[in-house]
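Visitor: I would like to learn how to read a structure feature by feature. Could you walk me through one?

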Amino acid sequence: MTHYRQPVRTFMTFMCEGETLRPSVVPGALHRLDALPETIHWGYFDAARAPSLIISSGDLIQAEAVTHHAGDDPHLMMDDKLWQIWNRTPESDRTPGVHIMTGPIYIRDAKPGDMLEVRYLSMQPRFRHGSNLAAHWGQLL
C-alpha cells in the first residue's frame with residue numbers, strides 16, 4: 001500500500017497583467033484525483049469528455065499518474081488499482097496513442113485562451129521500479 005504525504009499549504013504568487021505581482025493567496029482547497037478506470041483515458045485526449053475533477057483557481061491537487069509500461073513487469077509495477085485500469089479499460093478504448101492520462105480537470109471561470117500556471121510541488125514514485133522505451137511495439141502484456 002502506498003502512503004502519500006499531505007502537501008504543505010503554502011502561499012503562492014501568480015503573475016498578472018503588466019508584470020505586477022498579484023497578492024499571495026492561500027490555496028482554497030486540497031483535492032485528490034486517483035487514477036481509476038472512471039478517471040483516466042488511454043491513448044487520446046477528448047475535450048468533450050466530462051471532467052474528472054472541478055477546481056477553483058489556486059486550489060491544490062494531489063493527482064495520481066500511471067504508466068502504460070506497468071505491463072512490462074506487472075509483478076513489480078502493478079497494484080490493485082492498476083489492475084483495475086488494465087482489466088476494465090477495453091482494448092478498443094486504448095487508442096490511438098499509448099499514454100494513460102488522469103483527468104480532465106475543469107477550472108472554474110477559466111476561459112479559452114487563458115494561460116494556466118501549474119506547479120508541481122512534489123512527486124512521489126508509486127513503485128521502486130520503472131520502465132520506459134522510445135518505440136511503438138504494441139502492448140507487452
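Guide: Gladly; we will go from the overall fold to the core, then to salt bridges, backbone details and the surface. Keep in mind that this is a predicted model.

Visitor: Let's begin with the fold. In what order do the elements of the chain run from the N terminus on?

Guide: The order is β-β-β-β-α-α-β-β, and the chain has 2 helices and 6 strands in total. As for burial, 26% of the 141 residues count as buried.

Visitor: Which residues make up the largest nonpolar core?

Guide: The general idea first: in soluble globular proteins, nonpolar side chains tend to be buried together. In this chain the largest nonpolar core has 11 residues: Ala-35, Ile-40, Trp-42, Val-66, Ala-70, Met-77, Met-78, Leu-82, Ile-85, Trp-86 and Ile-100. Two elements, strand 2 (40-42) and helix 2 (80-88), each give two or more residues to this core. Helix 2 gives the most, with 3 residues. For a close look at one member, take Ala-70: leaving aside its neighbours within four places in sequence, Ala-70 is in contact with Met-77, Met-78 and Leu-82.

Visitor: Which residues of helix 2 are buried, and which are exposed on the other side?

Guide: Leu-82, Ile-85 and Trp-86 are the buried ones. They span an arc of only 95 degrees around the axis, so they sit on the same side of helix 2. Asp-80 and Asn-87 are exposed on the other side. The cover over the buried residues of helix 2 includes strand 2 and helix 1 (74-77).

Visitor: Now the charged side chains. How many salt bridges does the structure hold, and what does Glu-64 pair with?

Guide: There are 8 salt bridges. One of them joins Glu-64 to Arg-32, with the closest N and O atoms 3.7 Å apart. This pair links distant parts of the chain, since Glu-64 is in the loop between strand 4 (60-63) and helix 1, while Arg-32 is in strand 1, 32 residues apart. Glu-64 is buried, at 5% relative accessible area, whereas Arg-32 is partly exposed at 37%. Glu-64 also forms a salt bridge with Lys-81, where the closest N and O atoms are 2.8 Å apart. Lys-81 belongs to helix 2, so this pair ties together parts that are 17 residues apart in sequence. Through shared partners, Arg-32, Asp-34, Glu-64, Asp-79, Lys-81 and Arg-126 are joined into one network.

Visitor: What about the backbone: where are the cis peptide bonds?

Guide: Omega is the angle to check. A cis bond joins Thr-95 and Pro-96, with omega about 10 degrees, and Pro-96 lies in the loop between helix 2 and strand 5 (100-102). The bond from Gly-103 to Pro-104 is cis too, with omega near 10 degrees; Pro-104 is in the loop between strand 5 and strand 6. For phi, look at Asp-109, which has a positive value of about 70 degrees although it is not a glycine. Asp-109 is in the segment after strand 6 and is exposed, with a relative accessible area of 67%.

Visitor: Last, the surface. Which residues form a nonpolar patch there?

Guide: Leu-116, Val-118, Tyr-120 and Met-123 do, with about 550 Å² of accessible area together. Val-118 is exposed, at 64% relative accessible area, and lies in the segment after strand 6 (105-107). For the whole chain, the accessible surface comes to about 10200 Å², and 56% of that belongs to carbon and sulfur atoms.

Key: Residues numbered from 1 in each chain as written. Predicted model: local features only at pLDDT ≥ 70, side-chain atom pairs only at ≥ 80, totals over all residues. Heavy atoms only, no water. Patch = residues over 30% accessible without salt bridge, like charges linked within 9 Å, V, L, I, M, F, W, Y side chains within 5 Å. Areas by Shrake-Rupley, 256 points an atom, 1.4 Å probe, with all protein chains shown as cover. Salt bridge = Lys/Arg side-chain N within 4 Å of Asp/Glu carboxyl O. Helix = DSSP H or I, 4+ residues; strand = E, 2+ residues; numbered from the N terminus. Buried < 20%, exposed > 50% of the residue type's maximum accessible area, 1.4 Å probe, protein only. Core = buried A, V, L, I, M, F, W, Y, C linked by side-chain atoms within 4.5 Å. Contact = heavy atoms within 4.5 Å. Arc of directions from axis to C-beta.
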